[in-house]
Amino acid sequence: MNFSKSAFFAGAASVAVSFSSAFAGPLVNQLGFAPDAEKIVVYPGSDANGLEVRDLNGKTVLKLKAPMVYDWEYSGEEVQTFDISAVKKPGTYRLFRGKEYVGTPIVVGKNVYDDLVKASLKWFYYQRASMPLEPQYAGKWARAAGHKDNRVIVYGTDKATGGKGNGQVIKSDRGWYDAGDYGKYIVNSGITVFTLLEIYENFPKYADSLTWNIPREFPKYPELLEEVRYNLDWMLTMQDKDGGVYHKVSTLRFSGSVLPENDKDARYAIIKNVTATLDFAAVMAQASVVYKNIDKAYSDKILKAAEDAYAWAKMHPQQFYKQPADVQTGSYAPGDENGKDEFRWAAAELYRATKKQYYQDDLKQNLFTPDGAWWGNVNMLAAFRVALDSADFDKELVAAAKKTVLNEANNLRAVGDTSAYRLPAFPWSWNWGSNSAMANNGMVLVHAYLLTKDKSYLDGAQQCLDYLLGKNPQDMTYVTGFGYRSPRNPHHRPSESDMVDDPVPGMLVGGPHLGKQDINLDGKENWKCPNYAAADKPALAYIDNRCSYATNEVAINWNAPLAYLAAALEAIYNK
Ligand code: 9MR
């Protein structure tokens, strides 16, 4: 079955005359806009009628002529794109095409993303291992503790820890489950923690003002730092005495669709390696700066952990993670047999935290490259750090970092400002976790705005958030519990097995792409999905079904940039 938008709405074209698309309704950010934000409405089809925006008293506040028709290569649609940014007065508006009401009320106002920011951050609490989620915090998603992780078996490669089951056991409790599965992975925790701390670093006043009802273990911390500490504490348990850091804690195979408390298989701390160790070093160094003023002892402790990790990585630069044959959980490794970006990022964070010339010298040997941020390439995170903390670094490094961020942001704007859907996406954005690529692109644009105060970068960031919240061919928000249509069946074991109808709220699903890893292509694997990617258009290749771990799973490294992007727009527009 094809779950693309046109299949959903075939035959429902009772609205304006449309020549090329079965569905002719406006595609727009379903949560609304800040008064000064750019506001784009995408309309599939090619219709001679213009668009009218009316307030709830029926008064027309804006009238636009029908614009040119553009093709969007990623969905194969013809669309018309309307800019209604001139509507700035707070209120609720309705859209009319050829005098006909076409649905999708649009809210303009302050704080339209506030609930989304809180829910996307609260989701990290729902992902906590080793503790029960109590009803006073978790409501109907309350559940028992899963994975105490107080007896995790070391699965190593060196003499001391060779192979699995040699008897060495560690405690590796706390932390967040990575995604729809119950693994805890250092590489992915790295970029996630960075992104969440970046909210705090870039928008401290806004971050300090946020609360979302989680248990308080460290009442003097802001809630964001309380939540992040829960994962930092787990990460610390993953460091071996020699400074090296294990890749992940997981079972050997993925569990079935059960609640955390019912996944009883043995858990392993699997293989120290250079990328995990450097990602650990980078975020511990970053966190040591962020936590310094509120908890000096903790800050000192994690900075030492960061330095020990970096020293280990320098001694083992070629020790990459290789997934053992008997391990089937996430590998977070293929495509990343290159530690340069991790070295760059760790050296940048460690220099800022310690001011030891040694780290800056390393960074100078290994300059920035212009790559978008994701778990397999953290170069951009190093560039963010050096560009924004310019007082700490040598001038030529700062210039190179700024150039890296701004070049990438300019590439994104060039595409975003001219594409039919007003989305800064490249062909390579359409991969597993495509929605996070859009969110991470938004993060680059926000950083470019912070560096230049040029509002067009903020408009580019808005384009990314709009896509995730409804300005897409599926006419849905990709965030559970938000908007008038959102994923109902995410690949998320707790939501699948908790007997609660609504999925846990605030989760960004991975999004469309043509990888087809979860499709039953040869008709043999009947636990896999029907062919939802028949159209061969990446933006349509999505299914809201729990079978789809490739398009409908959730993950911490996808929620974090969503939270960052929504928080950035809130903090900037409402300051
Ligand atoms: O986000 C990861 C994506 O980039 C990879 O292509 C994919 C396959 O290796 O794995 C994704 O990460 C998954 C991880 O391996 C295990 N937990 C769930 C993650 C999200 O699907």
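How many residues of domain 1 are in contact with how many residues of domain 2?

Analyst: In this predicted model, 15 residues of domain 1 are in contact with 18 residues of domain 2. The domain assignment behind that count places domain 1 at 32-110, while domain 2 is made of two segments, 114-473 and 555-573. Taken over C-alpha atoms, the centres of domain 1 and domain 2 are 37 Å apart.

In terms of area, about 1,500 Å² is buried between domain 1 and domain 2, and carbon and sulfur atoms give 65% of that figure.

The polar side of the interface can be described by two counts. Between domain 1 and domain 2 there are zero salt bridges, whereas three residue pairs in polar contact are found across the interface, with both residues of each pair at pLDDT 80 or more. Looking at where the touching side of domain 1 comes from, strand 1 (40-44), strand 4 (70-72) and strand 5 (77-83) are the elements that give two or more residues to it. Sorted by class, that side of domain 1 has nine nonpolar residues, together with two polar and four charged ones.

Although the count of salt bridges between the two domains is zero, a search of the whole structure finds 39 of them. One involves Lys88 and Asp36, whose side chains meet at 3.9 Å, N to O. Because Lys88 lies in the loop between strand 5 and strand 6 (91-97), and Asp36 in the loop between helix 1 (5-9) and strand 1, this pair ties together parts that are 52 residues apart in sequence.

For Trp432, a polar side-chain atom lies 3.1 Å from a ligand oxygen atom, and for Glu553 the distance from a polar side-chain atom to an oxygen atom of the ligand is 3.1 Å.

Methods:
Residues are numbered from 1 along each chain as its sequence is written. This is a predicted model: local features need pLDDT of at least 70, side-chain atom pairs count only at pLDDT 80 or more; totals for chains, interfaces and linings use all residues. Side-chain values use heavy atoms; hydrogens and water are left out. Domain bounds come from an automatic or database domain assignment. Contact means heavy atoms within 4.5 Å. Buried area is the accessible area (1.4 Å probe) that two parts lose on being put together, summed over both. A salt bridge is a side-chain nitrogen of Lys or Arg within 4 Å of a carboxyl oxygen of Asp or Glu. A polar contact is a pair of N or O atoms within 3.5 Å; within protein, one must be able to donate a hydrogen and the other to accept it, and residues adjacent in sequence count only if both atoms are side-chain atoms. Helices (H or I, at least four residues) and strands (E, at least two) are DSSP runs, numbered from the N terminus. Ala, Val, Leu, Ile, Met, Phe, Trp, Tyr, Cys and Pro count as nonpolar, Asp, Glu, Lys and Arg as charged, and the others, Gly among them, as polar.
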